[in-house]
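Reader: I would like to learn how to read a few backbone features. Please start with the terms.

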Amino acid sequence: MGVLAALGVMAVLPISRGAEARAIWFDQPATHFTRSLPLGNGRLGAMVFGGLDQERIVLNESSMWSGSRQDADRPEAHRALPEIRRLLQEGKNVEAEQLVNDNFTCQGKGSGHGNGANVPFGCYQVLGNLHLRFATGTTAAPTAYRRTLDLGSAVARVEYQREGVRFVREHFVSAPDEVVVSRLTASERGALSFRVGLDRPERATTSAAGANELLMTGTLNDGLGGKGVGFAARVRVIARGGRVEAQGAELVVTSADEALVLVTAATDFRGFAGRQLTDPVAASQADLDRAARRRFGSLQQRHQADYRAWFERAQLELPVTTNSGLPTDQRLAGFSKGAADPDLAALYFDFGRYLLISSSRPGGLPANLQGLWAEEIQTPWNGDWHLDINVQMNYWPAEVANLSELHEPMHQLVASLVEPGRRTAKAYYNARGWVAHVITNPWGFTSPGEAASWGSTVSGSAWLCQHLWEHYAYTGDRQYLAWAYPILKESALFYLDNLVEEPKRGWLVTGPSNSPENAFRLPSGKTAHVCLGPTVDMQLLRELFGNCLRAGEILGVDAELRAELAAKRARLAPNQVGPDGRLQEWLEPYPEPEPTHRHTSHLYGLYPYYEITPRGTPELAAACRKTLEARGDRSTGWALGWRINLWARLGDGDRAHRFLQQLLAPADSGASYDGRGAGSYPNLFDAHPPFQIDGNFGGCAGIAEMLVQSHAGEVELLPALPKAWPTGSVKGLRARGGFEVDVAWRDGKVVRYTVRGGSGKALAVRVNGEVRKDRTLR
């Protein structure tokens with residue numbers, strides 16, 4: 001019995017939360033990538049289109065990166081730094097920005113302006129396409145078509161009937177067995193006849209490797225005119241009944257009763273994470289042979305046991321309605337037109353957790369701008385890791401949604417940037433420690449970007465370090481903290497060396513820097529981007545210095561450094577409320593050319609940091625509210641995800657829900673970037689547009705933030721519950737201090753909660769407006 005029923009509460013309509021509510025499903029095949037169904041095991045990915053006469057499954061492997069290691073630092077850049085800072089201190093931002101463009105950007109082509117497939121920066125790319133071409137022998141239209149992704153089991157299913165025969169295809173990607181699995185069955189013996197192909201848009205060759213196997217091999221561009229990452233992919237068909245034979249570069253299956261299609265892949269990428277292989281051809285063969293020794297039932301059982309161990313840690317239950325039972329694209333359309341469907345938020349929360357489980361596993365590469373899934377050679381913005389919010393947002397749900405171990409790839413990415421970041425710190429700032437700017441890749445890119453307007457943001461590494469501390473804050477793992485502390489310390493050393501006094505008030509500030517991707521207008525009327533001490537930098541350094549200081553205290557090290565951190569932290573430029581009542585984004589109350597800009601970087605101190613709170617700093621919280629109101633209700637997909645969290649921190653559940661509604665607004669699968677965004681694609685992928693997965697993770701974290709918060713020294717239950725969710729329950733959310741929380745509510749009030757864990761730590765729970773010490777309420 002569900003919690004709602006146990007409470008004696010009816011859903012909006014008397015409908016139980018059935019398979020449709022926990023699934024993404026369609027009543028027709030996909031015509032676009034953003035209508036297909038994503039599957040993944042952290043390393044291998046697949047997108048199922050569910051075509052009738054032709055099935056296309058897009059295949060991915062997380063280390064399919066072109067490019068190679070390069071020295072993109074300008075070795076003498078630091079010589080220009082004093083003059084850049086002098087100009088900034090004199091208010092000559094435009095002149096300083098020109099000097100940055102001339103002397104302080106990266107060397108070479110950088111990211112290729114987001115098109116780096118054939119330059120050293122590189123690009124995350126598609127592995128290939130698996131094609132199944134069916135010999136139907138009929139033009140009869142199918143009936144009872146259904147294409148489903150079950151989030152509870154991580155299995156995609158395509159089923160339909162044609163001329164009295166029922167066809168079923170089941171797909172999943174197994175982590176235990178490192179294989180993409182597809183099983184095809186039919187209700188009539190001998191009804192399965194199809195051809196199997198494996199291809200890629202470029203740099204690949206496919207050939208038969210026996211009567212029932214294909215092998216595709218190739219090498220990516222290293223960006224320097226040579227060979228980069230080598231890869232291999234294999235497909236094997238195991239049929240029951242009928243026959244399988246190779247014809248050229250295809251496999252032909254004739255009159256089978258059932259067919260098992262197995263795909264494996266490997267690369268020789270050797271970097272900070274991954275399998276560290278030298279022979280991808282042999283590795284793909286070994287994986288395939290091992291998987292083929294198991295029956296389908298065993299493969300599926302092992303896959304589901306692995307997946308459910310992650311997914312079933314948390315559960316959100318909200319009322320369902322008639323709209324909840326519609327195909328997902330129709331469900332989004334109905335919700336956008338005003339149909340009640342509280343459970344759509346629960347589906348979105350589940351989907352965010354599903355995506356993280358499917359794209360980020362310990363030992364692997366972290367989720368990129370598209371998680372794991374891409375169909376192109378030139379993926380938008382290289383499918384890289386942007387450090388001015390995007391990769392960080394990918395991991396916002398990791399701790400609160402009880403997937404803490406999946407944070408590990410992000411931690412390893414941060415650690416991998418220390419060594420190249422030291423060289424960048426020396427070249428540009430002649431400083432100790434390490435720094436990373438705005439973008440990075442598996443090759444350790446830490447240089448500024450190729451344009452001053454966005455590439456001189458200096459606080460990317462500070463933002464990354466927040467994730468190192470937050471993992472400790474949630475887990476209390478002292479051994480982990482001892483590992484992370486040297487990274488935090490070296491980051492802090494860099495910023496200590498790079499603080500300068502701003503001339504008016506003697507505050508310590510960074511510079512040159514940007515408020516990420518935003519611009520301001522000077523009194524002269526000119527527009528600039530490069531500045532001293534943007535608000536976000538100051539917030540980040542207060543957080544970094546504070547976390548480094550606390551870590552040193554816990555570990556009993558570096559007393560002298562802690563004293564310096566405390567002294568300089570106190571001198572950082574403070575948050576300022578501008579003449580219009582908004583939180584200032586820069587040291588001066590400059591007007592913005594784009595008041596509704598997608599980035600709200602100066603609200604970092606509200607979320608994900610927490611130096612601004614409604615009860616602790618009400619004036620600043622009010623200024624944040626005014627800032628959000630001025631930014632408006634329309635933005636890109638990921639920005640909507642951030643604003644859900646910001647409004648949740650302000651305790652305004654209805655405003656947070658309004659942005660969730662925007663995030664769930666139907667987006668056109670063919671839409672291009674227009675600066676405003678459009679919500680969600682039919683398969684619930686976030687529409688920047690184009691597809692960026694960060695909005696999915698931001699929205700997932702925002703839903704959790706509406707239900708449980710733990711940043712202000714207490715565990716607060718339902719801090720931002722919207723009126724749209726009057727009744728519900730959530731289990732398994734995590735709180736800082738090592739706590740795990742279950743809570744049920746009715747008519748907007750908590751009626752039951754349990755807090756577990758914490759290793760005996762003192763606990764304060766804010767529930768229904770009161771602070772309690774009890775761990776349970778029944």
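Author: Helices (H or I, at least four residues) and strands (E, at least two) are DSSP runs, numbered from the N terminus. This is a predicted model, in which local features need pLDDT of at least 70 and side-chain atom pairs count only at pLDDT 80 or more, while totals for chains, interfaces and linings use all residues. Residues are numbered from 1 along each chain as its sequence is written, and side-chain values use heavy atoms, with hydrogens and water left out.

Reader: Where is P689 placed?

Author: P689 sits in the loop between β25 (686–687) and α20 (694–707). The peptide bond that leads from H688 to P689 is cis, and its omega is near -15°.

Reader: Which residues does the cis peptide bond with omega of about 10° join?

Author: That bond joins Y607 and P608. P608 belongs to the loop between α16 (559–570) and α17 (618–631).

Reader: What is the phi of I389?

Author: I389 is not a glycine, yet its phi is positive, about 160°. I389 is in the loop between β18 (385–386) and α8 (390–394).

Reader: Is I389 buried or exposed?

Author: Buried means under 20% relative accessible area, exposed over 50%, and partly exposed in between, with a 1.4 Å probe and protein chains only. I389 counts as buried because its relative accessibility is 0%.

Reader: And what is the phi of N402?

Author: N402, a residue other than glycine, has a positive phi near 70°. Its loop runs between α9 (396–400) and α10 (408–416). With a relative accessible area of 9%, N402 is buried.
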